[in-house]
Amino acid sequence: MKRKTWIQIFLHIILIAGLIIVVLPMVYMISTSLKPNGALYEYPPRFLPALDEVTLENYKYVLGQGKFYRNFLNSMCVSVASVLIAAEIASALGYVIARFDFPGKNFLFGFIVLTMIVPGLTLIVPQYELAVKLRVINSLAGLVPFYAAWTIPYSTFMIKGFVEGIPRELDEATYMDGGSVFTVFGRIIIPLAKPGIASVSIFNFLTAWEEFPWANTVLNDNLKRTMPIAISGFFGEHQFTQWGYVFALSVFSLLPILIVFICCQKFFVAGLTSGSVKG
């Protein structure tokens with residue numbers, strides 16, 4: 001066999017191995033959610049449940065918890081609001097940095113890029129002090145502005161690349177027709193940069209939906225908590241952790257992520273292959 005063929009076989013083996021590593025945890029989560037809780041401690045353990053063991057009791061229990069719906073709605077509201085705020089601000093910032101020259105432009109962009117490498121956990125203390133001063137502790141309003149602030153630097157960096165790929169002649173034509181900067185932004189930049197905005201919004205949605213440390217720090221009321229905190233609440237709630245309940249709730253928490261990714265997959269791919277290599 002040719003050397004090129006061996007390389008292709010090796011690459012396929014690597015890809016299949018990577019796929020198995022990625023998929024197995026999800027398969028185990030779903031299979032465990034379909035097992036009775038007692039079956040989790042059987043020996044020898046089985047990866048998949050027997051057909052006569054498959055049950056929906058874990059899902060019925062989770063859905064029977066009234067706070068589940070409230071926690072789910074909290075996560076959805078916080079995630080959507082954070083995405084919308086970040087998309088609006090990052091789009092404007094990306095447009096300004098890509099299209100205009102002004103004093104301190106390079107410093108501003110460098111500062112934005114620098115904030116992307118700062119670990120979020122290192123900022124919890126100053127953020128908490130700020131939340132106290134703003135009086136947003138134990139409130140969903142204590143999540144939205146912080147989530148948006150975390151995602152704006154990355155979003156700005158990516159959207160700037162998309163804007164730089166839009167011909168400036170379109171801006172000039174709009175100005176010649178009597179349009180303003182806001183006309184260019186609303187009628188030219190936003191529609192043509194929509195794939196970039198959508199792709200970063202997917203990442204931003206995942207960030208807000210899955211975030212746990214900050215939400216667990218700010219929120220104390222069970223009715224105001226988000227899905228990650230609701231899932232953690234099942235640990236140690238009984239005499240021992242009911243993993244069937246934990247994984248059933250985890251499956252429910254994955255549904256919005258899968259729906260968003262499936263609906264916006266083409267924008268996600270466009271964001272990886274276009275905006276990230278411009279500018």
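## The largest cavity

About 60 Å³ of space lies in the largest cavity of this model, which is a predicted one. With 30 Å³ or more as the threshold, the count comes to one cavity.

The lining of the largest cavity is made by Val62, Gln65, Lys67, Phe68, Asn71, Ala230, Phe234 and Leu249. Helix H3, which spans residues 66-99, gives the most to this lining, with three residues. By class, the residues that line the largest cavity divide into five nonpolar, two polar and one charged.

## The largest pocket

The largest pocket holds about 580 Å³ of space. Its lining comprises 22 residues, of which Thr115, Val118, Gly120, Leu123 and Trp150 are the closest to the centre of the pocket. In terms of residue class, the lining of the largest pocket divides into 17 nonpolar residues, four polar residues and one charged residue.

Several helices take part in this lining: H4 (105-115), H5 (124-134), H6 (144-164) and H10 (213-218) each supply at least two residues. The most is given by H6, which contributes five residues to the lining of the largest pocket.

## Packing of H4 against H6

Two of the helices that line the largest pocket, H4 and H6, also pack against each other, at an angle of about 125° and with their axes 8 Å apart.

On the H4 side the contact is made by Phe109, Ile112, Val113 and Thr115, and on the H6 side by Pro153, Thr156, Phe157 and Lys160. The residues of this contact divide into five nonpolar, two polar and one charged. Thr115 of H4, which takes part in the contact with H6, is also one of the residues closest to the centre of the largest pocket.

## Packing of H1 against H12

Helix H1 (residues 3-33) and helix H12 (residues 243-263) pack at an angle of about 125°, and their axes lie 8 Å apart. H1 and H12 are therefore oblique to each other, and H1 passes H12 in a left-handed crossing.

From H1, the contact draws on Met26, Tyr28, Met29, Ile30, Thr32 and Ser33, while H12 brings Trp243, Gly244, Phe247, Ala248, Ser250, Val251 and Leu254 to it. By class, the contact of H1 with H12 has nine nonpolar and four polar residues, and no charged residues.

Key:
Residues numbered from 1 in each chain as written. Predicted model: local features only at pLDDT ≥ 70, side-chain atom pairs only at ≥ 80, totals over all residues. Heavy atoms only, no water. 1 Å grid on protein atoms, 1.4 Å probe; cavity = no way out; pocket = protein on both sides within 12 Å on 5 of 7 lines; lining within 4 Å. Points joined across faces, edges and corners; volume = space filled by probe spheres on them. Helix = DSSP H or I, 4+ residues; strand = E, 2+ residues; numbered from the N terminus. Nonpolar A, V, L, I, M, F, W, Y, C, P; charged D, E, K, R; others polar. Axes fitted to C-alpha atoms, helices over the stretch in contact; angles between N-to-C directions. Contact = heavy atoms within 4.5 Å. Parallel < 35°, antiparallel > 145°, perpendicular 65-115°, else oblique. Left-handed = near helix turned anticlockwise from the far one by under 90°.
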